[in-house]
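Please look over this model with me. The points below can be checked one at a time.

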Amino acid sequence: MSRSPRIVLLPGDGIGPEIVAAARRVLEALGEFEFEERLMGGCSIDAHGVALTDEVLEDCRGADAVLLGAVGGPKWDTTDPDAPRPEQGLLGLRKGMGLYANLRPVRPSPALVGASPLREERIAGTDLLVVRELTGGIYFGDSGRAGDSAHDTCEYSVGEIERIARAGFAAAQRRAGGDGRRPRVTSVDKANVLETSRLWREVVGRVSEEYPEVELDHLLVDNAAMQLVSRPADFDVIVTENLFGDILSDESAMLTGSLGMLPSASLGEAGAPGLFEPVHGSAPDIAGRGVANPLATFLSAAMLLRHGLGRAPEAERIEAAVDAVLGQGLRTPDLVSGTVAQAPTPADPTPEREVGTGEMTDAVLAAL
Ligand code: IPM
Ligand code: MG
């Protein structure tokens, strides 16, 4: 008999522990898993003086998948270059686990299109994927302070660009549905200014020859930021470097008006464990109050099942259950549009109803 998959849970800080506990209940309802809970982030700084210990990194490398809540909070905010920071744990995991490809799908839930800051006709049909390079660029280049100046270096090698470009083209191929639209990769850079971006553009163009059925276009990052707001539905897969991807993925997430809904997957070489986490942060202001939105973590657990464990049917069950509870009108406070607590009417048979983390989780479990 094959053993149960081993999942390391890193609840982290703020609302992390609440939403990861809720996601654990959802996973437990779907099958047998072996869970191990470990400290990472601010909680690890408090316990061990560092955001990520070698033991926890080893546990994660040896797991079948890792589910993360969120890290950070005002308690650990500092500009002291020598003080430990929760984010170092996340960066250490990405580098230490070789997670070079970060996948952030952005698709507004049908029940939530009204929550977008964009007009409904503009957001309609948006279904895009940001593929962000995650272990290179300015995040990991040489940095430091000398006298009254500081520097951060951006560096990319051909190999680093090739592998993330392939991840992007492969994702575009997988996403191509039966709608007859040709899959498209939009590569985002700043080739009019940066040497790393000129190399990026050259290499992505070369790799695209391996994927003749995928269309490729290039956008400068400032223009991409603008186009994302003006014509979001035209994007399919966006491939970009670490820093640009950080910025554009938050912008893309906000297009839907429900940052609390978006999952992400960070993947390395085939067969290596991936890391799955909601895109939103640790929301320390609402931590411990039982009102955190667990849905992005459930959807991250779905990505874990699909990309991490090859169990797509169970991933789809979670995704369908999330759509179902939203369709029933259930909303955590962050999703409420201001029309709560109406009685059902023929025109609106499922009015919004505000619920906390526990009730939302129970509803998803019931809908599974
Ligand atoms: C993200 C976050 C991280 C990043 C921070 C917490 C280091 O913003 O995952 O997008 O910049 O990559
Ligand atoms: Mg970010």
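The notes cover the basis of the model, the ligand site and the salt bridges.

1. This is a predicted model, in which local features need pLDDT of at least 70 and side-chain atom pairs count only at pLDDT 80 or more, while totals for chains, interfaces and linings use all residues. Residues are numbered from 1 along each chain as its sequence is written, ligands are numbered from 1 in the order in which they are written, and side-chain values use heavy atoms, with hydrogens and water left out.

2. Around ligand 1 are Glu87, Leu90, Arg94, Arg104, Arg132, Tyr139 and Asp246; a residue is listed if one of its heavy atoms lies within 4 Å of the ligand. By class, five are charged (Asp, Glu, Lys or Arg), two are nonpolar (Ala, Val, Leu, Ile, Met, Phe, Trp, Tyr, Cys or Pro) and none is polar (the others, Gly among them).

3. The distance is 2.5 Å for Tyr139, 2.9 Å for Arg104 and 2.9 Å for Asp246.

4. Side chains of opposite charge can pair when their charged atoms come close. The model has 25 salt bridges, each a side-chain nitrogen of Lys or Arg within 4 Å of a carboxyl oxygen of Asp or Glu. One of them joins Arg6 and Glu36, at 2.0 Å from N to O. Arg6 lies in strand E1 (residues 6-12) and Glu36 in strand E2 (residues 34-37), so the pair links parts 30 residues apart in sequence; strands are DSSP runs (E, at least two residues), numbered from the N terminus.

How values were computed. Polar contact = N/O pair within 3.5 Å; in protein donor to acceptor, adjacent residues only side chain to side chain. Helix = DSSP H or I, 4+ residues; strand = E, 2+ residues; numbered from the N terminus.
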